[in-house]
Amino acid sequence: MEQVILSAIKTHIMGNQGIRPSQHGFIEGRSCQTNLISFYGKITRLLDEGKAVDIVYLDFQKAFDAVPHTILVEKLASHGLDEHTIHWVKHWLTGRSQRVVLNGFKSSWRLVTSGVP
């Protein structure tokens with residue numbers, strides 16, 4: 001079911017230009033390596049033209065861990081995802097719980113309200 005939902009979301013986002021052609025993350029056939037190749041090509045061209053280059057690095061690796069599920073669903077709906085897909089996303093995210101087990105000690109179960117499974 002997760003693959004069906006992922007496919008519907010990807011089709012919608014790609015069809016509505018929600019992801020730029022320069023995006024490398026989460027795109028089939030693209031990776032950190034293709035991003036670096038593209039990046040170094042642009043930087044090299046600018047330096048060859050005698051232009052100054054400033055670079056800012058941002059790491060969003062854990063960004064989705066902090067996104068509340070309610071906000072994620074609202075954002076997907078606001079971008080025009082159809083009602084049936086939104087329903088499945090809610091179902092997929094709702095009711096999950098987790099606990100921590102360390103050296104035989106177990107925490108109590110807690111509902112998972114943020115993050116992407």
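Biologist: Before we start, what should I know about the numbering and the model?

Modeller: Residues are numbered from 1 along each chain as its sequence is written, and since this is a predicted model, local features need pLDDT of at least 70 and side-chain atom pairs count only at pLDDT 80 or more, while totals for chains, interfaces and linings use all residues. Side-chain values use heavy atoms, with hydrogens and water left out.

Biologist: Happy with that. What makes up the secondary structure of the protein chain?

Modeller: Four helices and four strands, in the order α-α-α-α-β-β-β-β along the sequence. Helices (H or I, at least four residues) and strands (E, at least two) are DSSP runs, numbered from the N terminus.

Biologist: Why is Thr85 called buried?

Modeller: Buried means under 20% relative accessible area, exposed over 50%, and partly exposed in between (1.4 Å probe, protein chains only). Thr85 has a relative accessible area of 9%, so Thr85 is buried. Thr85 lies in helix 4 and, leaving aside its neighbours within four places in sequence, is in contact with Ala8 and Ile9. Contact here means heavy atoms within 4.5 Å.

Biologist: And what joins the side chains of Thr85 and Asp82?

Modeller: A polar contact of 2.8 Å. The term asks for a pair of N or O atoms within 3.5 Å; within protein, one must be able to donate a hydrogen and the other to accept it, and residues adjacent in sequence count only if both atoms are side-chain atoms.

Biologist: How do you know that the buried residues of helix 4 line one face?

Modeller: The buried residues in helix 4 (residues 83–93) are Thr85, Ile86, Val89 and Leu93. Seen down the helix axis they fall within an arc of 100°, so they line one face of helix 4. The arc is that of the directions from the helix axis to the C-beta atoms. On the face turned away from that buried side sit the exposed residues Glu83, His84, His87 and His91. Cover for the buried residues includes helix 1 (2–15) and helix 3 (69–78).

Biologist: What puts the buried residues of helix 3 on the same side?

Modeller: Those residues are His69, Leu72, Val73 and Leu76. They span an arc of only 95° around the axis, which puts them on the same side of helix 3. The face turned away carries Thr70, Glu74, Lys75 and Ser78, which are exposed. Helix 1 and helix 4 are among what covers the buried residues of helix 3.

Biologist: Why is His69 counted among the buried residues?

Modeller: His69 is buried because its relative accessible area is 7%. Not counting residues up to four places away in sequence, His69 touches Leu93, Arg96, Val112, Thr113, Ser114 and Gly115.

Biologist: Which residues make up the largest nonpolar core?

Modeller: Nine residues: Ile5, Ile9, Leu72, Val73, Leu76, Leu81, Ile86, Val89 and Leu93. The term covers buried Ala, Val, Leu, Ile, Met, Phe, Trp, Tyr and Cys residues joined through side-chain atoms within 4.5 Å. Helix 1, helix 3 and helix 4 each supply at least two residues of this core. As for Val73, its contacts beyond four places in sequence are Ile86, Val89, Lys90 and Leu93.

Biologist: What makes the pair of Phe39 and Tyr40 edge-to-face?

Modeller: The structure holds one aromatic pair. The ring centres of Phe39 and Tyr40 are 5.4 Å apart and the planes lie at 65°, so the pair is edge-to-face. Rings of Phe, Tyr and Trp (its six-membered ring) pair if their centres lie within 6.5 Å; planes under 30 degrees apart count as stacked, over 60 as edge-to-face and the rest as tilted. Phe39 is partly exposed, at 24% relative accessible area, and Tyr40 is partly exposed too, at 49%.

Biologist: Last one: why is Asn103 called exposed?

Modeller: Asn103 has a relative accessible area of 71%, so Asn103 is exposed. Asn103 sits in the loop between strand 2 (101–102) and strand 3 (105–106). Its phi is near 50°, a positive value in a residue other than glycine.
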